[in-house]
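Here's a quick briefing to read with the model open beside you. It goes through charge pairs, then the sheet, then the rings.

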Amino acid sequence: MPVIGDAMEVVQVIPQDNYKIAVYFVDGAIKSYDVSHLVGKGVFECLRDIDFYKNNCTVLNGTLAWTLDGTYNKCNCLDIDPYVIYDNGESIKDPLLDIA
């Protein structure tokens, strides 16, 4: 497991149309994490808008996040605990390798 101090560190995310996100960790692990179970619930209501979901998906606070106001302020975002992603995500090969 990639440990930076006491936290896992996400270094890149790639959102997909099906609410699955390729999440790259500092140790080289790549996980597919499905956020469809969160879409439209509570604070995650905004993810129902597929454009918002895809265009605001980023890395903040060392994990998968969505900037709420476009400023990428780490205090104004939705994020998911990187341990949850690492433990519950499905290990995948790098989807960027399929682009070439």
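How many salt bridges does a search of the whole structure find? It finds two, a salt bridge being a side-chain nitrogen of Lys or Arg within 4 Å of a carboxyl oxygen of Asp or Glu.

Before the details, some ground rules. This is a predicted model, where local features need pLDDT of at least 70 and side-chain atom pairs count only at pLDDT 80 or more, while totals for chains, interfaces and linings use all residues. Residues are numbered from 1 along each chain as its sequence is written, and side-chain values use heavy atoms, with hydrogens and water left out.

**Salt bridges**
- Aspartate 17 and lysine 54 join through their side chains, at 2.5 Å from N to O.
- Aspartate 17 sits in the loop between β1 (10-15) and β2 (20-25), and lysine 54 in helix α1 (residues 50-55), so this pair ties together parts that are 37 residues apart in sequence. (Helices, H or I of at least four residues, and strands, E of at least two, are DSSP runs numbered from the N terminus.)
- Aspartate 17 is exposed at 54% relative accessible area, while lysine 54 is partly exposed at 32%. (Buried is under 20%, exposed over 50% and partly exposed in between, with a 1.4 Å probe and protein chains only.)
- Arginine 48 bridges to glutamate 45, with 3.0 Å between the closest N and O atoms; glutamate 45 is partly exposed, at 38%.

**The sheet**
- Four strands make an open sheet in the order β1-β2-β3-β7, with antiparallel pairing. (Strands pair if DSSP finds at least two bridges between them.)
- At the edges are β1 and β7 (90-91), each pairing on one side only.
- Five bridges link β2 to β3 (residues 30-34) in the antiparallel sense, and isoleucine 21 stands opposite tyrosine 33 in β3.

**Rings**
- The whole structure holds three aromatic pairs. (Rings of Phe, Tyr and Trp, the latter by its six-membered ring, pair if their centres lie within 6.5 Å; planes under 30 degrees apart are stacked, over 60 edge-to-face and the rest tilted.)
- Phenylalanine 25 and tyrosine 86 have ring centres 4.8 Å apart and planes at 85°, so they are edge-to-face.
- Because phenylalanine 25 lies in strand β2 and tyrosine 86 in helix α2 (residues 82-88), the pair ties together parts 61 residues apart in sequence.
- Both are buried: phenylalanine 25 at 3% and tyrosine 86 at 13%.
- Tyr19, Tyr53 and Trp66 form one aromatic cluster.
- Lysine 31 has its charged end over the ring of tyrosine 86, 4.7 Å from the centre. (That takes NZ of Lys or CZ of Arg within 6 Å of the ring centre and within 35 degrees of the ring normal.)
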